[in-house]
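Hi,

Here's the structure to go with our chat about charged side chains.

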Amino acid sequence: DKTLEEWMLQESYCCAAGIAQKADGALYAAAPVADDAGWALICKEGEYEGEIPQEDDTMKKITVSEVACLYEVGQMSDMTQRPANGLWIAGKKYQ
């Protein structure tokens with residue numbers, strides 16, 4: 001989306017940006033626009049396997065859906081409601 005690119009990337013505040021529906025977490029716009037480069041920077045499509053650390057220092061395998069993560073974030077009213085397995089964007093986990 002050219003408007004998204006103009007507002008978010010033109011001043012070099014960030015390297016990519018996207019807009020998702022609050023109702024379901026689905027992304028519908030990404031920037032940078034050229035060659036659809038923004039999509040690879042802001043999302044990894046479909047469900048995939050990720051790992052999260054456990055209290056005993058082992059790793060637990062989980063199924064990640066970035067759309068579901070974005071939906072959970074959109075429903076938050078405060079930081080205590082963060083997604084239990086973190087926020088996953090483009091295959092990377094953020095806590």
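**What I found**

Let's begin with Glu66, whose side chain reaches the backbone nitrogen of Ala90 at 3.0 Å. That is a polar contact: a pair of N or O atoms within 3.5 Å, where, within protein, one must be able to donate a hydrogen and the other to accept it, and residues adjacent in sequence count only if both atoms are side-chain atoms.

Before you go on, note that this is a predicted model, so local features need pLDDT of at least 70 and side-chain atom pairs count only at pLDDT 80 or more, while totals for chains, interfaces and linings use all residues. Residues are numbered from 1 along each chain as its sequence is written, and side-chain values use heavy atoms, with hydrogens and water left out.

Back to Glu66, which sits in helix H3 (residues 66-75). Helices (H or I, at least four residues) and strands (E, at least two) are DSSP runs, numbered from the N terminus. Leaving aside neighbours within four places in sequence, Glu66 is in contact (heavy atoms within 4.5 Å) with residues including Lys44, Tyr48, Trp88 and Ala90.

Glu66 is buried yet has no salt bridge. Buried means under 20% relative accessible area, exposed over 50%, and partly exposed in between (1.4 Å probe, protein chains only). A salt bridge is a side-chain nitrogen of Lys or Arg within 4 Å of a carboxyl oxygen of Asp or Glu. Which side chain of opposite charge is nearest to Glu66? That's Lys44, 6.8 Å away. For charge, Lys and Arg count as positive and Asp and Glu as negative; His and the chain ends are not counted.

How many salt bridges does the structure hold? There are 3. One joins the side chains of Lys2 and Glu5 (3.9 Å, N to O). Both lie in helix H1 (residues 2-9), 3 residues apart, about one turn of the helix. Lys2 is exposed, at 58% relative accessible area, while Glu5 is partly exposed at 21%.

Lys61 meets Glu49 in another salt bridge (3.4 Å, N to O). This pair links distant parts of the chain: Lys61 is in strand S4 (residues 59-65) and Glu49 in strand S3 (residues 47-53), 12 residues apart. Lys61 also meets Glu51 at 3.4 Å, N to O. Lys61 lies in strand S4 and Glu51 in strand S3, so this pair ties together parts 10 residues apart in sequence. Lys61 is exposed at 52%, and Glu51 partly exposed at 37%. Through shared partners, salt bridges join Glu49, Glu51 and Lys61 into one network.

Cheers!
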